[in-house]
Amino acid sequence: MKGRFFFVLLAVFAVILSGCNWLAGNKESIDPPQSVTYEDDLEGTDGGTSSEETAENTVQTELYLIDKNGYVVPRTFSLPNTQGVAAQALEYLVAGGPVSERLPQDFRAVLPPGTEFSVDVRDGIATVDFSKEFSGYAPEDEQRIVQAVTWTLTQFDSIKGVKLRLNGKDLSEMPVDKTPLPDVLTRKSGINLEQPDVVDIANTKPVTLYYIAQTDHDSYYVPVTKRVKGTEKDLAARVVEELIKGPAYDSKLFSLFNPDARLVEEPKIEDGVVTLNFNENILGSYDKKLINENLLNMIVLSLTELDGIEGVSVEVNGDKNLVNEEGKNLTEPVSRPKKVNASGF
């Protein structure tokens, strides 16, 4: 009964959380939930400036910020289109810096005030050399800073990994709480790590799942990394199972899945597209064969974190004739959005 109560509650959230679709080539792409927030005013509408001119002068950039629950969350901003986009992104992570007037309610920047740095990108590795002010963070923010810097920088195609320095010296551990650092930080280290149910590291794999956060002011997707049992071949199925299971019991996040939803056969991956065949409990309306937009977004965001998956095709008991809430047909694979938690384009 408790599970069904949560599903009814989340169904109400689903009505609130409506995303946007647009067509890109032969695939559909998706936008995360959109809310009327400060970001709606940041699209560069400056007097008589046209949207085309604005698009040429700005670049959509994901900044990984900390929300009021302590999660590291990507938020997309329209920033000036400069040559040094990586350094600019880090500049907007500094508290008291240019991001201050743009922060969504209940969010904060991750780097201590006054932090300065240089960024050197060579052979796919961004080496960031921080000033002494970098050490002025609270111990509980240490791993959040590592994750935010790593995920912000690796959004750029030219950056696959990150090295950290302090005053010109390589960091083997963080300066405050002494978190050990690998030689190169990558997204494989995870984000918003959830304590695993198993301790067998050798026989488990990390997967990053996207759940929903809902506040009085906003709604957005939050990436969470957890370890699951499985091999590379069956990770897609494990991801779906974890999405249905939902976040940890004490989490502030939500899943929009009906707890009775199930895959009726193993996922099939071909040419970068994974096909998922669910039972009817995936549907928001059985008569209309409708799939909730934001539930679909959760699936696509999570599965495209896996290597080799670029799109998702959804069926219900083998039937591909499904629609979203806008009545758009979902027969074509759905691809990952260019940016997560964007305010609109």
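Me: How many residues does helix α4 have, and what length does it reach from its first C-alpha to its last?

Reply: The model is a predicted one. Helix α4 covers residues 142-153, which makes twelve residues. At 1.5 Å a residue the expected span is 16 Å, and the helix comes close to this, reaching 17 Å.

Me: How many of the residues of α4 are buried, and which are they?

Reply: A residue counts as buried when its relative accessible area is under 20%. Ten of the twelve residues of α4 are buried, so the helix is largely enclosed by the rest of the structure. The buried residues are Glu142, Ile145, Val146, Gln147, Ala148, Val149, Thr150, Trp151, Thr152 and Leu153.

Me: Which elements are included in what covers the buried residues of α4?

Reply: The cover includes one helix, α3 (85-91). It also includes the strands β3 (58-67), β4 (72-80), β7 (125-130), β8 (161-166) and β10 (204-214).

Me: Which element gives the largest share of the lining of the largest pocket?

Reply: The largest pocket has a volume of about 1200 Å³ and is lined by 37 residues. Two or more lining residues come from each of β3, β10 and α5 (235-245). The largest share, four residues, comes from β10.

Me: Which residues lie nearest the centre of the largest pocket, and from which domains does its lining draw at least three residues each?

Reply: Nearest the centre of the largest pocket lie Arg187, Thr304, Glu305, Leu306 and Asp307. By class, the lining has 13 nonpolar, nine polar and 15 charged residues. At least three lining residues come from each of domain 1 (58-187) and domain 2 (204-335).

Me: Which residues are the closest to the centre of the second largest pocket?

Reply: The second largest pocket has a volume of about 680 Å³. Its lining is made up of 33 residues. The closest to the centre are Gln147, Asn192, Leu193, Glu194 and Gln195.

Me: Which elements give two or more residues to the lining of the second largest pocket?

Reply: The lining of the second largest pocket draws at least three residues from each of domain 1 (58-187) and domain 2 (204-335). By class, it has twelve nonpolar, eleven polar and ten charged residues. The elements that contribute two or more residues are α4, β10 and β11 (219-229).

Me: Is Thr215 buried or exposed?

Reply: Thr215 is placed in the loop between β10 and β11. Apart from neighbours within four places in sequence, it is in contact with Lys68, Asp106 and Tyr220. Its relative accessibility is 11%, which is under the 20% cut-off, so Thr215 counts as buried.

Me: What percentage of the residues in the protein chain is buried?

Reply: The protein chain contains six helices and 15 strands. Among its contacts with a separation of 6 or more, 64% join residues 24 or more positions apart. Of the 345 residues in the chain, the buried share is 50%.

Notes. Residues are numbered from 1 along each chain as its sequence is written. This is a predicted model: local features need pLDDT of at least 70, side-chain atom pairs count only at pLDDT 80 or more; totals for chains, interfaces and linings use all residues. Side-chain values use heavy atoms; hydrogens and water are left out. The expected span of a helix is 1.5 Å times one less than its number of residues. Buried means under 20% relative accessible area, exposed over 50%, partly exposed in between (1.4 Å probe, protein chains only). Contact means heavy atoms within 4.5 Å. On a 1 Å grid over the protein atoms alone, a cavity is a set of points where a 1.4 Å probe fits but cannot get out, and a pocket is an open set with protein on both sides within 12 Å along at least five of seven lines; lining residues have an atom within 4 Å of a point. Grid points are joined across faces, edges and corners, and a volume is the space filled by probe spheres set on the points. Ala, Val, Leu, Ile, Met, Phe, Trp, Tyr, Cys and Pro count as nonpolar, Asp, Glu, Lys and Arg as charged, and the others, Gly among them, as polar. Domain bounds come from an automatic or database domain assignment.
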